[in-house]
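Biologist: I'm new to this one, so please walk me through it. Could we put the sequence and the fold up before I start asking?

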Amino acid sequence: MKIRLIIKDKVLPATLDDNASARDFYAMLPLRLTLEDYAATEKIAYLPRKLSSTGAPEGFAPSAGDITWYAPWGNLALFHKGFRYSSGLVSLGRIESGVDVLRSPGKQPVLIERAE
């Protein structure tokens, strides 16, 4: 499942994983969200509803470029730095290029849409 994140004039291509949470996220698209800084490591935004967690592992150790969902809070988390293993974090996919755009401080509007 190919998607793109559009932040200002930058297009970040991404590929979603083949799991229930990622398929549920893909079904929500397109989405307009506001990304906010969190822990100087990621940008987060709250989704309109929780995603399916069927078959999801207990946690995940993200790297820069990972698209994840933090199930306990129901938020999308886009990592621009690596982070430790976190319980409740579910991998949704990976940004293929342009991750540096996420390092700009402050709120950022984003359009996430299907690329196919």
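This is a predicted model: local features need pLDDT of at least 70, side-chain atom pairs count only at pLDDT 80 or more; totals for chains, interfaces and linings use all residues.

Biologist: Which strand gives the most to the lining of the largest pocket?

Modeller: Residues are numbered from 1 along each chain as its sequence is written, and side-chain values use heavy atoms, without hydrogens or water. A pocket here is an open set of points on a 1 Å grid over the protein atoms alone where a 1.4 Å probe fits, with protein on both sides within 12 Å along at least five of seven lines, and lining residues have an atom within 4 Å of a point. With 3 residues, the top contributor to this lining is strand 7.

Biologist: Which elements give two or more residues to that lining, and what counts as an element?

Modeller: The lining includes Tyr38, Glu42, Ile44, Tyr70, Trp73, Asn75, Ala77 and Phe79. Elements are DSSP runs numbered from the N terminus: helices (H or I) have at least four residues and strands (E) at least two. The ones giving two or more residues to the lining are strand 4 and strand 7.

Biologist: How much space lies in the largest pocket?

Modeller: Grid points are joined across faces, edges and corners, and the volume is the space filled by probe spheres set on the points. For the largest pocket that gives about 190 Å³.

Biologist: Is Ile44 buried or exposed?

Modeller: Ile44 belongs to strand 4 and is one of the residues lining the largest pocket. Its relative accessibility is 8%, and the cut-offs (1.4 Å probe, protein chains only) are under 20% for buried, over 50% for exposed and partly exposed in between. Ile44 therefore counts as buried.

Biologist: Tyr38 and Trp73 both show up in the lining. Are their rings stacked or edge-to-face?

Modeller: Rings of Phe, Tyr and Trp (its six-membered ring) pair if their centres lie within 6.5 Å, with planes under 30 degrees apart called stacked, over 60 edge-to-face and the rest tilted. Tyr38 sits in strand 3 and Trp73 in the loop between strand 6 and strand 7, so the pair ties together parts 35 residues apart in sequence. Their centres are 5.7 Å apart and their planes at 85°, so the pair is edge-to-face.

Biologist: Which residues form one aromatic cluster?

Modeller: The count of aromatic pairs comes to 3. The cluster's members are Tyr38, Tyr70 and Trp73.

Biologist: Where does Arg49 lie, and what does its salt bridge with Asp24 tie together?

Modeller: The closest N and O atoms of Arg49 and Asp24 are 2.7 Å apart. Arg49 is partly exposed at 39%, whereas Asp24 is buried at 16%. Arg49 lies in the loop between strand 4 and strand 5 and Asp24 in helix 1, so the bridge ties together parts separated in sequence by 25 residues.

Biologist: How many residues apart are Lys2 and Glu96?

Modeller: Their side chains meet in a salt bridge, 3.3 Å from N to O. Lys2 is in strand 1 and Glu96 in the loop between strand 9 and strand 10, so the pair links distant parts of the chain, separated by 94 residues.

Biologist: Which peptide bond is cis?

Modeller: Most peptide bonds are trans. Here omega is about 10° at a bond whose Pro30 lies in the loop between helix 1 and strand 3. The cis bond joins Leu29 and Pro30.

Biologist: And what is the phi of Lys8?

Modeller: Lys8 lies in the loop between strand 1 and strand 2 and is exposed at 72% relative accessibility. Although Lys8 is not a glycine, its phi is positive, at about 55°.

How values were computed:
A salt bridge is a side-chain nitrogen of Lys or Arg within 4 Å of a carboxyl oxygen of Asp or Glu.
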